[in-house]
Amino acid sequence: MKNDIKNIFGDSMTNSLENLVDCFDKANLTPEEIADYIADSPDLTRTGMHIIALSEGNKKLADKIAKANELIKLKQIDEFKKSVANDTYEEFLAKISWTDKSLLLVNMGLSKSELSSKKKLTEEEQRYFEIIDNSINKDLEKEAISERFDSVEAWRTHNAMQSMKEKNKTNIIRFNRWL
């Protein structure tokens, strides 16, 4: 599992995450205190901390980190809803990446896969979905243009091809190890 973590984050980042997890353990922090420390970290990084604690066999700390992550998700949902009520959602969403906006949709139960299961949205949920989805689309358009693509679709196709190449390389390496 450690090698998988290093493949995702790289050696330096993995070492940093391991050191943070070790500090949380030694300081015997509560989930609320951990949440305060890691709230500004991307979801992937916070998930990495949880996996590291699990991989080290420290279930108690892993549970605290999982609870901290849950507290962060609930707080983000609450802050987003307040920003919509105050009409400051553009400023709120400008502070987070499109990937974290996508996770916000998932955490709110508004992901496209959930919506395709014929879930009827309330008027409020529909508004939340549209606000976040529009913001994601604007972010993707900016990213595609900044990387000199003609369209978001061309950017997505390029990224999908790159991802497939990386998966193929990984599978070849795994196959060679197996031999």
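## Charged pairs and aromatic rings

The structure holds six salt bridges, a salt bridge being a side-chain nitrogen of Lys or Arg within 4 Å of a carboxyl oxygen of Asp or Glu. Please keep in mind that this is a predicted model, in which local features need pLDDT of at least 70 and side-chain atom pairs count only at pLDDT 80 or more, while totals for chains, interfaces and linings use all residues. Residues are numbered from 1 along each chain as its sequence is written, and side-chain values use heavy atoms, with hydrogens and water left out.

Let's start with the charged side chains. Side chains of opposite charge can pair when their charged atoms come close. Arg46 and Asp43 make one of the salt bridges, at 3.1 Å from N to O. These two residues sit three apart in helix 4 (residues 43-55), so about one helical turn separates them; helices here are DSSP runs of H or I with at least four residues, numbered from the N terminus. Both Arg46 and Asp43 are buried, where buried means under 20% relative accessible area, exposed means over 50%, and partly exposed lies in between (1.4 Å probe, protein chains only).

Now follow helix 5. Where do Asp63 and Lys59 lie? They are four residues apart in helix 5 (residues 59-85), which puts about one helical turn between them. Asp63 is partly exposed because its relative accessibility is 40%, whereas Lys59, at 55%, counts as exposed. Helix 5 also carries Asp78 and Lys82, again four residues apart and separated by about one helical turn. Their side chains meet in a salt bridge of 3.2 Å, N to O. Asp78 has a relative accessibility of 37% and so counts as partly exposed; Lys82 is partly exposed too, at 48%.

Next, take a look at a lysine in helix 7, Lys101. Is Lys101 buried or exposed? With a relative accessible area of 2%, Lys101 is buried. Its side chain joins that of Ser135 through a polar contact of 2.7 Å (a pair of N or O atoms within 3.5 Å; within protein, one must be able to donate a hydrogen and the other to accept it, and residues adjacent in sequence count only if both atoms are side-chain atoms). Leaving aside residues up to four places away in sequence, Lys101 touches Leu93, Ile96, Ile132, Ser135, Ile136 and Asp139, with contact meaning heavy atoms within 4.5 Å.

That brings us to the rings. The structure holds four aromatic pairs; rings of Phe, Tyr and Trp (its six-membered ring) pair if their centres lie within 6.5 Å, and planes under 30 degrees apart count as stacked, over 60 as edge-to-face and the rest as tilted. Phe24 and Tyr37 form a tilted pair, 6.2 Å centre to centre with 40° between the planes. Because Phe24 lies in helix 2 (residues 11-27) and Tyr37 in helix 3 (residues 31-38), this pair ties together parts that are 13 residues apart in sequence. Phe24 is buried at 4% relative accessibility, whereas Tyr37 is exposed at 61%.

Trp98 and Trp155 make an edge-to-face pair, with 6.1 Å between centres and 75° between the planes. Trp98 belongs to helix 7 (residues 98-107) and Trp155 to helix 10 (residues 152-178), so here the parts tied together are 57 residues apart in sequence. Trp98 is partly exposed, with a relative accessible area of 27%, while Trp155 is buried at 4%. Finally, ring pairs link Phe80, Phe92 and Tyr128 into a cluster.
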